[in-house]
Amino acid sequence: MLLGFLLFYVGAVLFLNGLWLMGRIEDREIVVINVVSGLVAAGVVINDAFGSGADPATIRAAALTLMFSTTYLWVAHNRLVAVDGRGLGWFSLFVAITTVPVFLRAVASAGSAAELWLAANWLVWGALWFMYFLLLALGRPIQRQTAWVTLLTGILTGWLPGFLLLDGLI
């Protein structure tokens, strides 16, 4: 159930961050959903890494989930202090590179369609983080494309599966 909870908020923050990148939400407003989503992800990290059921698999999941939490909190921070985001861009490269072995391991160990779907999500998220690296760290003029990929990624890898998991439909 925590996966559905987390994905639901990943969907919300990515959808809204896509709209923000399109200029439809102000900098000061986008802080709220990034802080909320960052804290939701941090709560899952604390549960998985330090909860009573923590084991090597949940600690690994916590380490990977912390990349999401850090990203959302960093976006909020950047909007509050009005910096250019280059640091977040370089962090995004680190995360994009990290998603490659995560994707490969997930594909190799997938035993169901749901696990293959989750593996594919890692590939999509990695591509999105790489776009943030290009946009923020290297200053490439891809904001419009990044906005659309962010918005669609939020719907397809976050909100929709999160909602379906919360409703017990998958």
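This is a predicted model: local features need pLDDT of at least 70, side-chain atom pairs count only at pLDDT 80 or more; totals for chains, interfaces and linings use all residues.
1. Leu123 counts as partly exposed because its relative accessibility is 48%; buried means under 20% relative accessible area, exposed over 50%, and partly exposed in between (1.4 Å probe, protein chains only). Leu123 belongs to helix α5.

2. Residues are numbered from 1 along each chain as its sequence is written, and side-chain values use heavy atoms, with hydrogens and water left out.

3. The protein chain has six helices and zero strands, in the order α-α-α-α-α-α along the sequence. Its radius of gyration is 15 Å, close to the 15 Å that the globule rule gives for 170 residues, so the chain is as compact as a globular protein of that length. The radius is taken over C-alpha atoms, and the rule is 2.2 Å times the number of residues to the power 0.38. Helices (H or I, at least four residues) and strands (E, at least two) are DSSP runs, numbered from the N terminus.

4. Along the principal axes, the C-alpha atoms fill a box of roughly 40 × 30 × 30 Å. Buried residues make up 43% of the 170 in the chain. Of the contacts (heavy atoms within 4.5 Å) with a separation of 6 or more, 68% join residues 24 or more positions apart.

5. The largest nonpolar core holds 40 residues, and Phe68, Trp122 and Trp129 have the most contacts inside it. Two or more residues come from each of α1 (2-21), α2 (27-50), α3 (56-81), α4 (86-109), α5 (113-137) and α6 (143-166). The greatest share is that of α5, with 11 residues. Such a core is a set of buried Ala, Val, Leu, Ile, Met, Phe, Trp, Tyr and Cys residues joined through side-chain atoms within 4.5 Å.

6. Trp122 touches Leu64, Met67, Phe68, Thr99, Val102 and Phe103, when residues up to four places away in sequence are not counted.

7. The 24 residues of α4 should span 34 Å at 1.5 Å a residue, and its end C-alpha atoms are 35 Å apart, which agrees. The expected span is 1.5 Å times one less than the number of residues.

8. Thr157, in helix α6, counts as buried because its relative accessibility is 4%. Its side chain makes a polar contact with the side chain of Trp125 at 2.8 Å and reaches the backbone oxygen of Thr153 at 2.7 Å. A polar contact is a pair of N or O atoms within 3.5 Å; within protein, one must be able to donate a hydrogen and the other to accept it, and residues adjacent in sequence count only if both atoms are side-chain atoms. Leaving aside neighbours within four places in sequence, Thr157 is in contact with Leu7, Trp117, Asn121, Val124 and Trp125.

9. Ala82 is in the loop between α3 and α4. Its phi is near 55°, a positive value in a residue other than glycine. Most residues other than glycine have a negative phi. Ala82 counts as exposed because its relative accessibility is 65%.
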